[in-house]
Amino acid sequence: MTEATPGRRGGRQLPTADELRIWRDFIETTAALGSRLESRLQNDSSLSTGDYAVLLALSEAEGQAMRSSALASHIGWERSRLSHHLGRMERRGLIRRQECATVPRGAEVLLTAAGAEAFRGATFPHLRAIRELFVDALTPDQVLVAGEIAAALKVHLDALREK
């Protein structure tokens, strides 16, 4: 098998050498970007990106509350991962969990005043880091293309999950 004639597995063509190089660049760069954003967020606000994702979802939700299952789906986490993370956030006073009044055995996650304050304090520095580390590195056209790529990948992955 050569670069010019990639092998087939299950009727699907394997990535070419150029596609693999682009893939590695993409994965390594997004990992480095995520790491830098995580570090900046932690240093600026003592919040992790997981904390921020939960607080963002709750701050945008009606009544600043969501059912645990809806929150897990919204941020793309497994329910067990979310449950452990919420326990840590609850001990820090950022969220509160309570039984859902409308669904038996359902739990609802509520944003606390301390959580809302932590989120507000983290937002400006986090957005500034996104501007500095992502937006400023690209031309306006590249930002649009990055958005198109992200949207295409999301649609593809959502379709695979539904199979």
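## The sheet

Strands β4 and β5 pair in the antiparallel sense over 5 bridges; two strands pair if DSSP finds at least two bridges between them. Helices (H or I, at least four residues) and strands (E, at least two) are DSSP runs, numbered from the N terminus. The model is predicted: local features need pLDDT of at least 70, side-chain atom pairs count only at pLDDT 80 or more, and totals for chains, interfaces and linings use all residues. Residues are numbered from 1 along each chain as its sequence is written, and side-chain values use heavy atoms, with hydrogens and water left out.

The sheet is open and has 3 strands in the order β3-β5-β4, with antiparallel pairing. Its edge strands are β3 (65-67) and β4 (95-99), each of which pairs on one side only. On average, neighbouring strands are turned by 25 degrees against each other, direction ignored. In general, strands of a sheet pair through backbone hydrogen bonds, either parallel or antiparallel.

## Strand partners

Which residues stand opposite each other? β3 is joined to β5 (residues 107-111) by 3 bridges, and the two strands run antiparallel. A65 stands opposite L110 in β5, and M66 stands opposite V109.

Helix α2 (residues 49-60) lies across β3, β4 and β5 and runs at about 90 degrees to β5. Axes are lines fitted to C-alpha atoms, for helices over the stretch in contact, and angles run from 0 to 180 degrees between N-to-C directions. Helix α3 also packs on the sheet, where it touches β3 and β5, and its direction makes about 95 degrees with that of β3. Contact here means heavy atoms within 4.5 Å.

## Helix α5 and its partners

Helix α1 (residues 17-45) and helix α5 (residues 113-133) have axes that come within 10 Å and cross at roughly 150 degrees. That makes α1 roughly antiparallel to α5; angles under 35 degrees count as roughly parallel, over 145 as roughly antiparallel, 65 to 115 as roughly perpendicular and the rest as oblique. The crossing of α1 and α5 is right-handed. A crossing is left-handed if the near helix is turned anticlockwise from the far one by less than a right angle, and right-handed if clockwise. From α1, the residues L33, R36, L37, R40, L41, D44 and S45 meet A122, P125, H126, A129, I130, E132 and L133 in α5. The residues of this contact comprise 8 nonpolar, 2 polar and 4 charged. Ala, Val, Leu, Ile, Met, Phe, Trp, Tyr, Cys and Pro count as nonpolar, Asp, Glu, Lys and Arg as charged, and the others, Gly among them, as polar.

Helix α2 packs against α5 at an angle of about 110 degrees, with the axes 10 Å apart. That makes α2 roughly perpendicular to α5. The crossing of α2 and α5 is left-handed. Y52, L55, L56 and S59 of α2 make this contact with G115, F119, A122, T123 and H126 of α5. Its residues divide into 5 nonpolar, 4 polar and no charged.

## Helices α3 and α4

The axes of α3 (residues 68-75) and α4 (residues 79-91) come within 9 Å and cross at roughly 105 degrees. That makes α3 roughly perpendicular to α4. S68, S69, L71, A72 and I75 in α3 meet R79, L82 and L86 in α4. The contact of α3 with α4 has 5 nonpolar, 2 polar and 1 charged residues.

## The annotated span

An unreviewed UniProt entry places the feature "domain: HTH marR-type" at residues 19-162. UniProt positions are given in the numbering used here, feature names are shortened, and annotations may be inferred rather than shown by experiment. The end C-alpha atoms of residues 19-162 lie 26 Å apart, and the span is 72% helix and 9% strand.
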